[in-house]
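Me: Hey, I'm new to this one. Can you walk me through how the parts touch each other?

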Amino acid sequence: MPSEKSGNFYLNLIISVGLIVACGVWFVWYYVAPEYYGVGYAPVQPIPFAHAIHVGALKLDCRYCHTDVDKSWYANLPDSKTCMNCHQELLPETPRLKVLFDSVKKNEPIPWIKVHDLPDYVYFNHEIHVHSGVGCVECHGRVDKMVRTQQVKSLSMAFCLACHRNPASYLRPPAKVYDMTWSMDDEARLELGRKLQEELNIVASDDCSDCHR
Amino acid sequence: MLESQSNNRNSKHSPTLNRREFLKTMTAPMLLAGAATLGCRKPEEVRYPFVEKPANFVHGEPEYYATSMPRPEGAVPLLVKVYEGMPNKLNPNPNHPQGVNGLDHYTQASILDLYDPTRAKDYKKDDAPVAAENAIAYLTQIAAEKKIIGGKGLCFLLDSSPSPTRNRIISDLKAVFPNATWLINDPLNFQTAAKASKMMFGRALTPYYHIDKSKTILSLDGDILGGEPDFYRHINAFSKARSPDNGGAMCRLYVCESALSLTGVNADHRLTITSRDISYIAARVLLALNDCLKAPEAMTPLMKALTRYAETHFVLNAHSITSDADADYIDHWINVCTDDLISNISRSLVVTGYKQPVMVHGIVAAINLLLDNTNVTVDYNDILESVRSPLHQLNNLVNSGDVDTLIVSGGHSNPVFSHPDDDLWKRLRQANVNVLRLGYYEDETFDITNWHYPAAHYLESWGDAFSSDGNITPLQPMVQPLFNGMSESVFLSRLAGTRNVSDYDIVKNSFSEYVHGGSIESAWRGFLKKGWLNISHRRSTDLNLYTDDLIQLINRESATHTTATGCELVIKRSFHTDDGRSRNNLWLSELSEPITKLTWRNAYILGVGQADALGLKNGDIVEVEAGDLKVQGPVLIEPNTSPSTICVACGHGCVSNNTMIKNDAINPYPLKPNYEENVCNNVTMRKLSGRINLPLTQEYFDYNDNEPDPFVDLSKLRISAIHKDDERICHNNTNAESPQWGMVVDLNRCVGCSSCMIACRNENNIPIVGADEVRKGRVMDWMRVHRYVITRRQKSKANDTVVNIMLPVMCQHCENAPCEYVCPVNATVHDKEGLNVMVYNKCIGARYCANNCPYEARRFNFYNYHEYYYNKSLYKKPVMNEWNMQESKRALNNADVTLRKRGIMEKCTYCIQRISDYSIKDRISDSSSKSQNNKVTTACQDACPANAISFGNISDNNDEVAILKQDKRNINILDCVNTQPRTSYLIKVLNHNDKISNLSNV
């Protein structure tokens, strides 16, 4: 009897410990993985639009399509007519653009899938960041190299705070905000950033009320 | 202990749950929970851009358009915030010459009606939906049929409207249908003043008061600050006239009334007297004036008639002039008041209201004429409306069989409810009268309707309207009709035989009449952009007094006058539903009535004496018998009510499709003695068993005795500082780099209208909780207007000072905030601009902060008020009420403010979204283009018609708020707890007349 009982006991112990360890592993795997923050999220869009062609190869300015990025908190998606400015002439037959042509013909919007999606209790404002010399690249990565648009930064609160607590190393001259390729070595950039912060009077505070309301 | 445990374990009903059992049982849920979290990645969100974006449209930025809300007395000019194509909030139009920078609560809340899911949505024939084309074709058919016989048998029943376009269509219709009859539905008798002026001046005119020009105001049962037409404009003028700073020119308000109203609360001297005795007071005032001033010869017969009337009334009612005060006191009061009126001749004003009969209105017109007030403090404006036959004449028409088609137009008018003459409507049905109705709801009138046309909201249709000052304002649609509604101008034009006409063309056509010279198109565009057009004034200055009719009326009264016994029942306009038209507006339903703090329903309001006699307490059910009708309902005790008056608000107790509105409120319309009277005599009341718990938001009205007085007499104000400042240490940074926000509320300006509460709900997505939750004290308002009665004992009881204070309370943004110390997760903290911020995503719902807040500024989400999708999934609870989750209502949510979830604390943020928006725009705009006027305003400040709320940067010495904070009237509430609030109050200034020493009636 006692030996049987102790056998049971050890079996239970092993199972319990095993379960706890498995849970721990799963927890770390799940919550620490970059996917949890959406890094690498690249949904299939209704039109296989490639920033790599439009921005990388054709050198379109971000604001050609995202017209409101410097006027509002929201960086809008382009209306179908904006696409048609060129595609009236370019590739008018291609089946890949069928959704676009249908949209114009039927007067129905294109259902784009949002890639960079912050929680609803976060109020991020594009306008102020763009005007303060924070480049698009800082949050969106090298969009000019993306065939399918994807999220490359975690966009977690820690990510935001890294810059808000030390803005100098993330700033660039306002003229270069939309420049995907602008770069500078770290030390020089920090110095430039400090100068810009003073010149532009940039206060990147870490008050809760800056983003949460 | 052990014994009881073992007993428990062995007892039959004990749960035999030990640790092992618990784990076993929990395995399944835990596994499920684990599986569920695996699916908890971010949801996919879709964005729909335009196919073709309108020029100059910026996503995420609100647009503002000028329009106006048509109310029967005149349009309220508005500037509507439209966000992503949906109207989101109503603001006053600051450019309108009327100059009222605020709105009343009815207007402020009217945007909710637009999104009301219980609106009438279908064209219907005999309860069955029909295609819109067929229903509209039927209008054309009726028009063609009736045109041949000149409209014989056709009867139009309209709602009062200030629209010149509608008036034009009516004249068109009158030309087409000369034999048609025209009636108007005016359930609260707001047209009594017009009837009186027709009698006195031979023309139907409406009085237009200039309260800001008046130094002495006497209100004879006229609730000019609460229930009378145009009251929001009066509040504005009154707050200007009450300014203690302009060299002692502060006005003094005397009020005689039966039940406490907002006007009574703000009075310097108030006489509680039954509504039926007001005519006696009016007669006495005119007679007293006649003694002192030389009345024109023409008035002599009137004075004779009045003398007789006053005597008869006094003799008959000597015992029953039912007031808290005795006859001597009333005499004294009238004399002092009359002296004051005379000493401010041509700068005084006497007003009365819809509860009073034509006779009192006539006497008041004569008083104002005698005091030279006419054309100075009271103007008479022409009435646009050409239809003035009252609704009850329908009776004769039905009896004589002269009506076969009844057109009920106006959207919000609901004659079956407001004129509950069951017999009339039954006979109407029996006579097979064809009823066509343009209606906003499928309500009581819907039951007698054959053809129902859903009405469009005023934010969905083109139109025009006169504001009460005589300017014309446009109505522009902010959105396409959400539920396929039809505007009144199209409805009536179709009946006039016009085909395929849009309301845009109709309105533009009538507008062209007002353009003299120049291009109509540019004038029209300017009109829409500016939101008003100045046209020739409708003021009538050449007034000739005819007293014959009035004398006849007075003589008849004197002859037939009998002793009034028993109680009177006074039916007043509802703070919640107006006359019933805002019945489904839940923002209004849950708004606490400023005097009684009652929400969601009405009650019989009684004085203490009457309640004591019957042994009644708040909520006890009584049966009120008037004529042969008995209506049951709960009572609510309000000490300032006359001992013989029962006061009840109309517009409640109606059928509603909304599940949150219970049908159990009192409907007093059947108790009205006749269509044209609001006061019912010889009413008896009987106590029944039973009691209900009234949904009140504030129960105790006494003010903390340890607090400094929040009021001061005008005479005292001039002498010295009122409260001396203690030296206290303020530990917070007053860092000049960032603005330091602060607020000042001027209690002397605030009349307590509660419009700010609606604006706050609209701006900050504050949910409705329902009557049951209100009873539990869970109302979610971030700001509320408290009412306090402050009694300061003097040496003798007769000299006690009783003052009513309306105190708007919101989060005070304390620098020493008690809530911050106790939060276990730092979810409420200070930011660099001095705001006490609430971080919803950090909050765990411990509720320590709310317990530690001395101002009760914090509100807790006991339910998921906003999460509409819960009800669509398996997880159905805990959702509080379906209304908050309606899809259509969600379009009204302010996108700049988080929707709070269950288990989260929330409170006033000083409209942080506006501050944030301001500081971003301020940073981006270069200094050259920075406008000086650009400043942050809070939602409550925008809504306040009295301009009582100021908000700004207290570290900037030139800022309005910083200057006000230096005022000697500035106090903090609950200063004794040393919270160092950022919100402070300017105390109320009273302008008592020393000759009336006894203030206990205030």
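This is a predicted model: local features need pLDDT of at least 70, side-chain atom pairs count only at pLDDT 80 or more; totals for chains, interfaces and linings use all residues.

Me: Which residue is the bridge partner of I113(A) in β1(B)?

Reply: That's V46(B).

Me: OK, and how many residues of chain A are in contact with chain B?

Reply: 36 residues of chain A, and they meet 32 residues of chain B.

Me: Which elements of chain A each supply at least two residues of that side?

Reply: There's α4 (80-87), α5 (98-106), β1 (112-113) and α6 (126-131), each with at least two residues on the side of chain A that touches chain B. The largest share comes from α6(A), with three residues.

Me: What do the residues on that side of chain A divide into?

Reply: You get 14 nonpolar, eleven polar and eleven charged.

Me: Switching topic: what domains is chain B divided into?

Reply: Domain 1 covers 124-187 + 388-468 + 486-501, and domain 2 is 205-382. Then come domain 3, at 569-575 + 583-691, and domain 4, at 711-724 + 737-990.

Me: How many residues of domain 2 of chain B are in contact with domain 4 of chain B?

Reply: 13, against 15 residues of domain 4 of chain B. On the domain 2 side, α7 (231-241) and α8 (262-265) of chain B are the elements giving two or more residues.

Me: Which element gives the most there?

Reply: α7(B), with five residues. The residues on that side of domain 2 of chain B divide into eight nonpolar, three polar and two charged.

Conventions:
Residues are numbered from 1 along each chain as its sequence is written. Chains are lettered from A and ligands numbered from 1 in the order in which they are written. Domain bounds come from an automatic or database domain assignment. Two residues are in contact if their C-beta atoms, placed from the backbone, lie within 7 Å. Helices (H or I, at least four residues) and strands (E, at least two) are DSSP runs, numbered from the N terminus. Ala, Val, Leu, Ile, Met, Phe, Trp, Tyr, Cys and Pro count as nonpolar, Asp, Glu, Lys and Arg as charged, and the others, Gly among them, as polar. Two strands pair if DSSP finds at least two bridges between them.
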